[in-house]
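Me: I am new to this structure and would like to learn how to read its features one at a time. Could you give me the general idea each time and then the case at hand?

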Amino acid sequence: MTLRAILAGTGSALPRTRVSNAELAERVDTSDEWIVERTGIRFRHIAEPDETTATLGAAAAKEALAAAGLQPSDIGLIIVATATPDNTFPASATKVQAILGAPDCIAFDVAAVCSGFLYAVSVADSMLRTGAAKHALVIGSETFSRILDWEDRTTCVLFGDGAGAIVLSAEDVADDRGILATRLHAEGKYCDMLYVDGGPSTTGTVGHVRMQGREVFRHAVTNLASVLGEVMADVGLAAEDIDWVVPHQANKRIIDATAKKLGLPADRVVLTVDQHANTSAASVPLALDLAVRDGRIKRGDLVVLEAMGGGFTWGAAVLRI
Ligand code: UT7
């Protein structure tokens, strides 16, 4: 028997308001045609003032708990991956804990921007396997609309708000179910290529997203293909063994180019970028939840998660459902 972190449930939450490319084109110098052709994005959800990273994260967490058949009191660890916390502190994970009414447990945030969910999954996996908790809520939740410069068409059309959550449970298994491998990377020398031009310790303001899009694109394809190769080698499996890839949803062209590099057919890649745009740390768990709920991802499937974002940071995970 092997102690592993098993996927016990998934959930997600999207803000009430959905904005089309055409609606955006009324306030920014852009077009539906440009956005669809360059990114594959058609819609994004934008949070209303009462919808925050913590409230969206808690809504996604409630769904994941219900899917896992667990109560908030069963949870020993809550990790929220976010770059847009409700407050500088306390951690949004503690606010989620309060909304859920979960009693004393471990709760903290992870900041690795778009790769945050992969970082959080990897940390939770290690903590569950070393006995820190029996059940963990791992949440990616973002309200990027609050840090977008709505005058900058090169960034504001790309992002959306939302949350996704999973429950991971430590279980002794005889088969190969659960998280089989994770790999994380960071190269801080590229920190100026995708960043927010503000913060508590510099400007004292929240700041806005700034990005050198073409450079980020180039690094994303290279790094994602390479980290996917690493995790597959870790588990001794090949591209043809993968049932589903759930990639970070930044740009359909990045997803297509990465899949092509690895020889993965497009019909095994979960795509939500058209409906959600780039929701940063929320994009992978949101897409995972969608594919689990519509029946594509089933028990026994080999699933690969991957993401790349500001820092640069990137990572991947392989799990058997
Ligand atoms: O989550 C991880 C982080 N993010 C990413 O992974 C994003 C990575 N980068 C990308 O997805 C792409 O680089 C973008 C979608 C951001 C941009 O696509 P691109 O094909 O690299 O376009 P570009 O930046 O080279 O710009 C091409 C043209 C420019 O005009 P000129 O200089 O050729 O006249 C831009 O000014 O498109 C123009 N442009 C726009 N036009 C209409 C830039 N943004 C827009 C816009 N609407 N929203």
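Me: How exposed is arginine 293, and how is its relative accessible area to be read?

Reply: Keep in mind that this is a predicted model. The general idea is that a residue counts as buried under 20% relative accessible area and as exposed over 50%, with partly exposed in between. Arginine 293 has a relative accessible area of 47%, and it is therefore partly exposed.

Me: Which side chain meets that of arginine 293 in a salt bridge?

Reply: In general, one looks for a side-chain nitrogen of Lys or Arg within 4 Å of a carboxyl oxygen of Asp or Glu. Here the partner of arginine 293 is glutamate 63, with 3.5 Å from N to O. The two belong to distant parts of the chain, since glutamate 63 sits in helix α3 (residues 53-68) and arginine 293 in helix α10 (residues 283-293), 230 residues apart. Glutamate 63, with a relative accessible area of 32%, is partly exposed.

Me: How many salt bridges does a search of the whole structure find?

Reply: The search gives 19 salt bridges. One of them joins arginine 153 to aspartate 29, where the closest N and O atoms are 3.5 Å apart. Arginine 153 belongs to helix α6 (residues 153-156), whereas aspartate 29 lies in the loop between α1 (21-25) and α2 (32-39), so this pair ties together parts that are 124 residues apart in sequence. Arginine 153 is partly exposed at 44% relative accessibility, while aspartate 29, at 58%, is exposed.

Me: Is aspartate 301 buried or exposed, and which residue does its side chain meet in a salt bridge?

Reply: The cut-off for buried is under 20%, and aspartate 301, at 8% relative accessibility, therefore counts as buried. Its side chain meets that of lysine 298 in a salt bridge of 3.9 Å, N to O. Lysine 298 itself is partly exposed, with a relative accessible area of 46%.

Me: Which residues are linked in a network of salt bridges?

Reply: Such a network is made up of Asp149, Asp152, Asp197 and Arg210. Within this group, arginine 210 forms a salt bridge with aspartate 152, and their closest N and O atoms are 3.8 Å apart.

Me: What domains does the domain assignment give, and how many salt bridges are counted between them?

Reply: The assignment gives domain 1 (2-173) and domain 2 (178-320). Their centres, taken over C-alpha atoms, are separated by 14 Å, and the contact takes 54 residues from domain 1 and 49 residues from domain 2. About 3,900 Å² is buried between domain 1 and domain 2, with carbon and sulfur atoms giving 64% of that area. The count of salt bridges between the two domains is 3, and across their interface 24 residue pairs are found in polar contact. On the side of domain 1 that touches domain 2, the elements that each supply at least two residues include β1 (2-13), β3 (43-46), α5 (116-129) and β7 (161-173). By class, that side of domain 1 has 24 nonpolar, 18 polar and 12 charged residues.

Me: Where is glutamine 97 found, and what does it touch?

Reply: Glutamine 97 is found in helix α4 (residues 92-100). With residues up to four places away in sequence left out, glutamine 97 touches Ile78, Ala102, Pro103, Asp104, Cys105 and Ala107. Because its relative accessibility is 14%, glutamine 97 counts as buried.

How values were computed:
Residues are numbered from 1 along each chain as its sequence is written. This is a predicted model: local features need pLDDT of at least 70, side-chain atom pairs count only at pLDDT 80 or more; totals for chains, interfaces and linings use all residues. Side-chain values use heavy atoms; hydrogens and water are left out. Helices (H or I, at least four residues) and strands (E, at least two) are DSSP runs, numbered from the N terminus. Buried means under 20% relative accessible area, exposed over 50%, partly exposed in between (1.4 Å probe, protein chains only). Contact means heavy atoms within 4.5 Å. Domain bounds come from an automatic or database domain assignment. Buried area is the accessible area (1.4 Å probe) that two parts lose on being put together, summed over both. A polar contact is a pair of N or O atoms within 3.5 Å; within protein, one must be able to donate a hydrogen and the other to accept it, and residues adjacent in sequence count only if both atoms are side-chain atoms. Ala, Val, Leu, Ile, Met, Phe, Trp, Tyr, Cys and Pro count as nonpolar, Asp, Glu, Lys and Arg as charged, and the others, Gly among them, as polar.
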